[in-house]
Amino acid sequence: MVLYRQLAGMGFQRLLEYRWAHMLNNIASAVFGFVYMAIWSAAAPSGAAPGGYTRELMLHYVALAQICAWVCLFGMGAGLGIPLAVRSGAVGQEMARPIGFFPYVISREAGTVGYNALYRSVPLAVIFSLLVGPPLPAAPAAALAGLGAMALSAYLGLCMGYLVGLIAFWTTEVRWAHWLFHSVNVLMSGGWVPVDILPGWLGTAAPYLPFASLLYHPIRLWLGLEQAGWLWVPAAWAVALTLVCTGTTRLAHRKVVIQGG
Amino acid sequence: MSGLRSYLLLAGASLRARMQYKFNFIATTLGYALITLMDFLIVAAILYRFRVIAGWDMYEVALLTGAASASYGLYRAIGTELETFERYLITGEFDSVMTRPWPTLLTLLTRGVDFTRLGATIQGYAVLTLSAGALTGRGELAGWQVGYLYLLPLTGAVILGSLALAAASAGFWITRIEDLLIFSVNAPYTAACYPLEIYPGWLRGLLFGALPTAFIAYVPARYLLGRGGHWAHLLLPPAAAGAAALAAYAFWRRGERQYQSAGN
């Protein structure tokens, strides 16, 4: 456990060097949030609205999406840095360590998530609180459920990034998978549009997919738009993706080729 | 002319190099098309539910997102080295750019042409075509107006490229520009995908002034769709693109003189 904590700490320290540059990025993130707030302000009605998504609610929804996206979607390199290690051959050393490759990468990147939470999400929360008021939870129970879902969402984001990274063992280049993953998340994570308003069967199925556990469920739980019972969706996906990640790692072990010579 | 020939030669070499990995090339191109398509699908989902945004319906907004996506793809294909310019400053690699017998900007741009980014351009033109077809069917657009709209991504790419060039030039003083690029190119590009009436005055001011992405599509589309403006507004996109390019290049030249290599 100490080792994993140290790995996370190293990931955190590595990014501290760039914290002032990241502050500028936070302003850009705030502008993105502002653009989507403007869209929702222009589109959503003020009173009763389909799905309960009123103008006022959507301002907080968009703000929370921008805040939470930094712990589950943004700020992690394509494939959690695995493709670079595969290309340079460093992956051979990393896989030979006395700890599993999956927990090694996840612990290292957990430091990035912690850094992003502190230096990206918190400043954004301050900016959005000044702009549209603090996005307070609906009730203490909603806050607990929302925080639990956000912790699971951070883990799910790491697992998905890890799976993208593992593709490098087969194709070396993973940019296409990274963009495919990012594209699907733009629509299906619920960060830009609550997924239940998507048309037809897509809107019915999307809340049960793993992508919706990244932003849609945490935000809705925090805002009290759904009951804590919905936590089973991100929890089930956390178990499922852990199994997929460990299984795929085993396959990757057999596939590893050390570059150079 | 020799500069252009050299550029085309090196761009061809870049394409051949990327085509060595055909699967990656095609999959990455599709990936970039998909990411910009998602930008449109988000607004389509909102409009599916709420019908209009500031009085603009889905096809009208699609004109803006289509032209903006096509512009962005073109700019990213040609200006991909501007996006990674920070690396040149940190490693001192810009030294080798300065020693070539061509203008530094031309040398820099020839270092990499990312054809996979044209996926966004193809997607943008597809959305533009669908939307223009629907609006022509409703009698809101004439044939020549559709032809004009197809040309907009050319000036749009120059506007976005100029913003990126200005951000890259700032790197001569501040070195780290990755985040500045997101602020000065990606954010205004996203804003340009929607009708500008929805933004508050200060943001509209920015998009008409220092970050002039209003001229990528919004200004001419507003006139073509009969939402106000003057026919002369159709001339503003090339004028804005020219002015932005000149200003950004002047800033680049000034920054170049400021350049100090890496190390101590």
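**Exercise 1. At what angle do helix α3 (residues 58-78) of chain B and α8(B) pack, and how far apart are their axes?**

Solution. The model is predicted, so the ground rules come before the steps: local features need pLDDT of at least 70, side-chain atom pairs count only at pLDDT 80 or more, and totals for chains, interfaces and linings use all residues. Residues are numbered from 1 along each chain as its sequence is written, chains are lettered from A and ligands numbered from 1 in the order in which they are written, and side-chain values use heavy atoms, with hydrogens and water left out.

Step 1. Two packed helices are described by the angle between their axes and the distance between the axes. Here axes are lines fitted to C-alpha atoms, for helices over the stretch in contact, and angles run from 0 to 180 degrees between N-to-C directions. Helices (H or I, at least four residues) and strands (E, at least two) are DSSP runs, numbered from the N terminus.

Step 2. For α3(B) and α8(B) the angle is about 160°, and the axes lie 7 Å apart. The two helices are therefore roughly antiparallel to each other, given that angles under 35 degrees count as roughly parallel, over 145 as roughly antiparallel, 65 to 115 as roughly perpendicular and the rest as oblique.

Step 3. The crossing of α3(B) and α8(B) is left-handed; a crossing is left-handed if the near helix is turned anticlockwise from the far one by less than a right angle, and right-handed if clockwise.

Step 4. Contact means heavy atoms within 4.5 Å, and the residues that make it include L63(B), G66(B) and A70(B) of α3(B) as well as G124(B), L128(B) and A132(B) of α8(B). By class, this contact has 15 nonpolar, eight polar and one charged residues, where Ala, Val, Leu, Ile, Met, Phe, Trp, Tyr, Cys and Pro count as nonpolar, Asp, Glu, Lys and Arg as charged, and the others, Gly among them, as polar.

**Exercise 2. Describe the packing of helix α8 (residues 118-137) of chain B against helix α9 (residues 143-174) of chain B.**

Solution. Step 1. The helices pack at an angle of about 160°, with their axes 11 Å apart, which makes α8(B) roughly antiparallel to α9(B). Their crossing is right-handed.

Step 2. On the side of α8(B) the contact is made by Y125(B), L128(B), T129(B), A132(B) and T136(B), and on the side of α9(B) by V146(B), L149(B), Y150(B) and P153(B). Sorted by class, seven of these residues are nonpolar, two are polar and none is charged.

**Exercise 3. Is L152(B) buried or exposed, and which residues does L152(B) touch?**

Solution. Step 1. L152(B), which is found in helix α9 of chain B, has a relative accessible area of 3% and is buried; buried means under 20% relative accessible area, exposed over 50%, and partly exposed in between, with a 1.4 Å probe and protein chains only.

Step 2. Not counting residues up to four places away in sequence, L152(B) touches S71(B), I216(B), A217(B), P220(B) and P237(B). The C-alpha atoms of L152(B) and L63(B) are separated by 11 Å, although these residues stand 89 residues apart along the chain.

Step 3. For a second case, take E81(B) in helix α4 (residues 80-83) of chain B: E81(B) counts as buried at 10% relative accessibility. With residues up to four places away in sequence left out, E81(B) touches R87(B), Y88(B), L108(B), R111(B) and G112(B).

**Exercise 4. Examine the positive phi values of L80(A) and A54(B).**

Solution. Step 1. Most residues other than glycine have a negative phi, and most peptide bonds are trans.

Step 2. L80(A), in the loop between α3 (55-72) and α4 (82-88) of chain A, has a positive phi of about 55° although it is not a glycine. At 2% relative accessibility, L80(A) counts as buried.

Step 3. A54(B) lies in the loop between α2 (22-50) and α3 of chain B, and its phi is near 50°. At 33% relative accessibility, A54(B) counts as partly exposed.

**Exercise 5. How many helices and strands are there in chain B?**

Solution. Step 1. Chain B has 13 helices and zero strands. Its radius of gyration (taken over C-alpha atoms) is 19 Å, close to the 18 Å that the globule rule gives for 264 residues, so chain B is as compact as a globular protein of that length; the rule itself is 2.2 Å times the number of residues to the power 0.38.

Step 2. Buried residues make up 56% of chain B, and its C-alpha trace spans about 60 × 45 × 35 Å along its principal axes.
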